[in-house]
Amino acid sequence: MKDELKPRFIKSLQRNNDQIREDRARTIGADSELIYRRRVEDIELKIKRLEREQEGLIDISPLDRNSLTFADFQPEAFVQKDLEYSLTIRNLNIQLEVAVKRFEYLFGKTF
């Protein structure tokens, strides 16, 4: 019975270089994949939030149901902010495309 029980520490000391390298590679690969996946998801989330904010810019509805007065609308500010959102979203879409391609290349999985 005593021969059947081998503590984890002893087993670890008895591993050969190939086993140690394989364990380390799995650990590093799993961590990297998880972090990469999260980064891609973060970019996707940023894009969705910015698109919602950009759509919110065109909401110039009246102040209340009975009012004929629209919320203070400033065309210059609208154009400036809309262009900023458009460029930021475009850049994030490029980052997303690159990140997804790299993820698939590095980890051999489709995102």
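The chain exposes about 9700 Å², and carbon and sulfur atoms supply 53% of that area. Keep in mind that this is a predicted model.

Now the burial. Of the 111 residues in the chain, 14% are buried.

Next, the layout. As for contacts between residues with a separation of 6 or more, 67% of them join residues 24 or more positions apart.

Let me turn to α2, which covers residues 17-57. This helix has 41 residues. From its first C-alpha to its last it reaches 60 Å, close to the 60 Å expected at 1.5 Å a residue. At the start of α2, a side-chain oxygen of N16 comes to within 3.1 Å of the backbone nitrogen of D18.

Which residues of α2 are buried? They are I20, E33, V40, I43, I47, L50 and Q54. What do they pack against? The buried residues of α2 pack against α3, residues 75-107. On helices in general, there are 3.6 residues a turn, so residues three or four places apart point the same way.

Is E33 buried or exposed? E33 counts as buried because its relative accessible area is 16%, and the cut-off for buried is under 20%. Leaving aside residues up to four places away in sequence, E33 touches F103, F107 and K109.

That is the end of my slides.

Terms used:
Residues are numbered from 1 along each chain as its sequence is written. This is a predicted model: local features need pLDDT of at least 70, side-chain atom pairs count only at pLDDT 80 or more; totals for chains, interfaces and linings use all residues. Side-chain values use heavy atoms; hydrogens and water are left out. Helices (H or I, at least four residues) and strands (E, at least two) are DSSP runs, numbered from the N terminus. Buried means under 20% relative accessible area, exposed over 50%, partly exposed in between (1.4 Å probe, protein chains only). Contact means heavy atoms within 4.5 Å. Accessible areas come from the Shrake-Rupley method with a 1.4 Å probe; for residues, only the protein chains shown count as cover. The expected span of a helix is 1.5 Å times one less than its number of residues. A polar contact is a pair of N or O atoms within 3.5 Å; within protein, one must be able to donate a hydrogen and the other to accept it, and residues adjacent in sequence count only if both atoms are side-chain atoms.
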